[in-house]
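Trainee: I would like to go through this structure with you and test each label against its cut-off. Can we start once it is on the screen?

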Amino acid sequence: MKKTALLIIAVLGILLLRAAEDLPFWGDPQSPASVHLSDYYLEESYEETSVPNIVTSVLADYRGYDTMFETVVIFCAGITVLIVLRRTHRRRAKVISPRPERPGADIILQTAARLLVPMMQLFALYVVAHGHHSPGGGFQGGVILGSSLILLALSYDIQMALHRFKEKLVLLFSAGGVLLYAAIGLACLFLGRNFLAYGAWAALLGISEPEAHSHGMLGVEIGVAITVLCIMFSLYIDLASGGDLDEGL
Amino acid sequence: MLDILVIIFMVMGLFFFFGTTVGIVRFPDFYTRTHAAGKGDTLSVMLMLFGLALYNLHHLSPATLLVSGKIVIICVVVFIASPTATHAIMDAGYEAKVRHWSRPGAPKDPQDNSGEKQ
Amino acid sequence: MTWDASLLWQFDLLILPMVIICAIAALSFKDLVSCAVISGAFSFLMCLLWTEMLAVDVAFTEAAVGAGVSTVLLLGTALHVKRKSKD
């Protein structure tokens with residue numbers, strides 16, 4: 001069986017390597033992907049959206065509809081894990097050994113976590129807010145925010161992190177982030193433009209249209225960050241505790 | 001002048017990195033290896049980052065000062081996080097009762113198997 | 001920001017063998033916890049590779065999601081299922 005698998009993988013690998021010969025070179029301006037659309041984005045996106053980071057402007061503005069459903073996919077993944085794992089009534093047999101009873105042994109970890117968590121959260125907010133000018137944005141900032149909560153839950157225990165951020169609130173906010181995204185898009189619809197055409201906010205906020213695009217992107221990124229934060233935390237507490245949220249790793 | 005300082009920091013960082021590598025390869029057991037990795041890594045990363053922060057100050061302007069400040073903040077984070085991670089790994093090994101090394105001829109410690117105390 | 005393109009293939013030569021070693025090691029270990037840790041290392045090397053190709057946004061995402069959160073999630077899962085893999 002193993003030899004058959006090895007043979008299949010070897011044949012497929014050779015085929016893929018042969019196919020990879022036809023791929024364009026790295027950074028080739030004549031490659032099909034960068035002939036038709038890239039010029040437009042490189043030349044026009046700053047005038048249209050006043051966002052220097054083209055990746056952010058493509059992700060959140062030109063392809064905003066795409067990004068909204070990526071957020072919905074993350075939301076669905078989190079909800080699915082919750083449905084499969086979360087159990088409230090029946091206690092299952094513990095496979096995992098309980099954490100050792102050594103009071104005071106975790107004090108170094110807990111102090112370091114208390115020092116690091118505010119720094120991580122500040123950096124995550126910077127990443128979300130500064131995604132227009134530097135690498136980053138809603139997904140990355142949300143993941144860093146979520147991992148700060150995970151660090152709290154790892155170094156203390158899940159109960160302590162859940163005491164800070166209740167499970168009901170986690171689920172509420174994870175839906176709220178997606179809804180914030182959709183609401184910003186729908187508001188554009190009600191202001192007489194297309195869905196997620198942020199230019200509609202210009203008259204309402206009293207700013208020029210490119211700036212309205214920039215502000216709309218910021219709002220969208222905040223929605224993405226809230227959803228990703230809550231889903232990451234919810235994934236961790238469900239996976240690490242096996243669904244009964246008592247102590248975890 | 002600044003160049004000489006940068007070179008000194010970088011070479012010291014590389015030296016401690018080399019020491020870390022030799023320590024990981026040559027030390028006999030889990031605890032001493034983790035000790036070498038934690039200590040040497042933290043010091044050498046901080047030295048090299050500090051050298052980079054100084055190198056960035058060749059053209060003194062608010063922008064380069066900002067970048068250097070960010071690198072110094074990375075130094076602070078590494079100084080907090082890296083020893084803590086080493087401590088956590090070491091503590092997990094202690095909980096899992098990894099046996100420590102002792103000299104071949106040394107008298108046998110009665111509590112050796114439980115991994116309690118050397 | 002400028003990038004000296006002449007250094008690219010040296011970085012490739014450094015990183016790609018380590019990526020392949022990590023990929024094979026992550027598949028061949030029996031202990032699922034070691035596999036989770038090695039897949040974290042794999043993600044970090046991929047992050048270096050993205051940075052070298054100037055796709056800094058992708059590299060940032062890979063560092064945050066791949067090397068950060070997903071390693072923790074895999075570890076949490078590996079401790080709850082049977083720890084030794086059969087093949």
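Mentor: Start with the elements: helices (H or I, at least four residues) and strands (E, at least two) are DSSP runs, numbered from the N terminus. By that rule chain B has three helices and zero strands. From the N terminus on, its elements run α-α-α. The model is predicted, so local features need pLDDT of at least 70 and side-chain atom pairs count only at pLDDT 80 or more, while totals for chains, interfaces and linings use all residues. Residues are numbered from 1 along each chain as its sequence is written, and chains are lettered from A and ligands numbered from 1 in the order in which they are written.

Trainee: How do you know which chains are in contact?

Mentor: Two residues are in contact if their C-beta atoms, placed from the backbone, lie within 7 Å. Two pairs of chains are in contact, and chains A and C share the most contacts. That contact takes 15 residues from chain C and 20 residues from chain A. The side of chain C that touches chain A has nine nonpolar, five polar and one charged residues.

Trainee: What makes a residue nonpolar, polar or charged?

Mentor: Ala, Val, Leu, Ile, Met, Phe, Trp, Tyr, Cys and Pro count as nonpolar; Asp, Glu, Lys and Arg count as charged; the others, Gly among them, count as polar. Now the contact between chains B and A: eight residues come from chain B and eight from chain A. On the chain B side, four are nonpolar, two polar and two charged.

Trainee: And what separates chain B from chain C?

Mentor: No contact joins them, and their closest C-alpha atoms lie 12 Å apart.

Trainee: Why are α1(C) and α2(C) called roughly antiparallel?

Mentor: Axes are lines fitted to C-alpha atoms, for helices over the stretch in contact, and angles run from 0 to 180 degrees between N-to-C directions. Helix α1 (residues 8-28) and helix α2 (residues 32-52) of chain C cross at roughly 160°, with axes that come within 9 Å. Under 35 degrees is roughly parallel, over 145 roughly antiparallel, 65 to 115 roughly perpendicular, and the rest oblique. So α1(C) and α2(C) are roughly antiparallel. The contact of α1(C) with α2(C) has 17 nonpolar, one polar and one charged residues.

Trainee: Why is B:L54 called partly exposed?

Mentor: A residue is buried if 20 or more other C-beta atoms, placed from the backbone, lie within 10 Å of its own, exposed if 12 or fewer, and partly exposed in between. B:L54 has 18, so B:L54 is partly exposed. B:L54 lies in helix α2 (residues 30-55) of chain B. Leaving out residues up to four places away in sequence, B:L54 touches B:L2, B:L5, B:V6 and B:F9. B:L54 and B:L5 are 49 residues apart in sequence, yet 8.1 Å apart in space, C-alpha to C-alpha. Of the 118 residues of chain B, 14% count as buried.

Trainee: What makes a set of residues a nonpolar core?

Mentor: The set holds buried Ala, Val, Leu, Ile, Met, Phe, Trp, Tyr and Cys residues joined through C-beta atoms within 7 Å. The largest has 66 residues, and A:M232 and A:F233 are among those with the most contacts inside it. Helix α10 (residues 209-241) of chain A gives the most to this core, with 19 residues. Apart from it lies another core, of six residues, among them B:F16 and B:F50.

Trainee: Why does the phi of C:L54 stand out?

Mentor: Most residues other than glycine have a negative phi. C:L54 is not a glycine, and its phi is positive, about 65°. C:L54 is found in the loop between α2 and α3 (56-78) of chain C. With 14 C-beta neighbours inside 10 Å, C:L54 counts as partly exposed.
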